[in-house]
Amino acid sequence: RPWTLSAAKPAMFMWNPSSTLLSAATLIGLLVCSAAADSATCADNATTVPVIRLVSADPAAVDRALREVGFLAIVDHGVDEAVIEAAWRETAAWFARDAVEKARAPLLGPEYPYGYSPLHSESHPGSDDDERARQPGQGAPTLADEKEMFCIGPQKTNENGAPARLWPERSDALQAAWVAYFDEMVKLSERILALFATALGLTDSRWFEQFDRHHASALRAINYPALAHDLAPGQLRSSAHTDYGALTILRVGGSGLQIFSRANEWGDVPEIDQSNGSVFVINLGDLMSRWTAGRWLSTPHRVVVPKGDTASAPGSSFADARQALAYFHNMDMNALIETIPTCRPAEGTPQKFAPILAGEHLMKKHEAATRGQTLNIYA
């Protein structure tokens, strides 16, 4: 049984290391972490991830989950299933093309921060946040991740300064599906941020909108190919990292996602059956954690080859293919990020973090990753 109910707090549910498929209907039937639960109960089982109905979410439960875990899963989110499935289908079809054709796609590089990243082109060098998820004395990963990616940014406007979107050849269907999906993710982010404002005790649920008029968000598809054999020692499908921006909306197919708990342990996120309605996994980025003065968590996560994935017959895969669509919501590049009013310390107490422009924060994170260096931007 991958999910168990806490006897002490029936509104709590959690996973154990043996994951299996969970339907959206099963998830809906489970209750979220109660705002009345004591902090020790949540903290003692830090691999607790609540599933919420976005249309009727309890703000106190959301606040509690983001304090304790930094992850949520949402159902009843209002995103058109046809749009989701079209994006998912066209993404899989594009990744199935041969490597020579994919290599002709626009490539991620210094002049274009989006595009295609071939297999073994990325490893997360980490930030100070990520170092918490490493064993003592263990450095940043030295082996590139077993994945390939394609990414687009926001539609270019005079206000946002974004480069024009570049697309692969023979991609009309992909373009149409991705533009529709991107637009749905923007709208979903607005609904999530309105919930976040209420969860933080802000009197105006539209408080975040003033920082979100010309956002610098990105949509990234990630393909983890089927494996004929185990990875090299120390290699992962996606090495441990935290996300950079405000929040991430993840649509995932396949198991292997793990999050790093406050108890300093990796915990498996069970594979979710998406056939009865899409479930999105939401996690916070470093910017939101900083914005809330650390009240909410930006949690390290990674993707591993699931335990028990072994070849069952000659010629079969060691591990199945896995796909994900990750939408990273970033605020306006010129938005001044200083501690949210309801997260500020008592008058006369120094602020935990200095103000910073959202664009400066994002670029420092990207530059640190590009150079393969750790960088503490929380000075």
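**Ground rules.** I am working on a predicted model, where local features need pLDDT of at least 70, side-chain atom pairs count only at pLDDT 80 or more, and totals for chains, interfaces and linings use all residues. Numbering starts from 1 along each chain as its sequence is written, and side-chain values use heavy atoms, with hydrogens and water left out.

Entry 1: I took helices (H or I, at least four residues) and strands (E, at least two) as DSSP runs, numbered from the N terminus. For burial I used under 20% relative accessible area as buried, over 50% as exposed and anything in between as partly exposed (1.4 Å probe, protein chains only).

Entry 2: I call two strands paired if DSSP finds at least two bridges between them. β8 pairs antiparallel with β7 (residues 148-152) over 5 bridges; there, Glu 148 has Asn 223 as its bridge partner. With β16 (residues 322-329), β8 makes 7 bridges, again antiparallel, and Arg 220 stands opposite Ala 326.

**Entry 3: the whole sheet.** Which order do the strands take? I read β4-β5-β14-β10-β16-β8-β7-β6, an open sheet of 8 strands with mixed pairing. β4 (51-53) and β6 (115-117) are at the edges with a single partner strand each, so one side of each has no neighbour in the sheet. Neighbouring strands are turned by 25° against each other on average, direction ignored. For angles in general, I used lines fitted to C-alpha atoms (for helices, over the stretch in contact), with values from 0 to 180 degrees between N-to-C directions. β10 (residues 247-253) runs antiparallel to β16 with 7 bridges, and Leu 250 has Ala 326 as its bridge partner.

**Entry 4: helices on the sheet.** Contact here means heavy atoms within 4.5 Å. Helix α3 (residues 59-68) packs on the sheet and touches β4, β5 (71-75) and β14 (280-284); its direction makes about 140° with that of β5. Helix α4 (residues 81-95) lies across β6, β7, β8, β10, β14 and β16, at about 120° to β16.

**Entry 5: Asp 172.** Buried or exposed? I found Asp 172 exposed, at 65% relative accessible area. Asp 172 belongs to helix α7 (residues 172-199). Its C-alpha is 10.0 Å from that of Glu 90, 82 residues apart along the chain.
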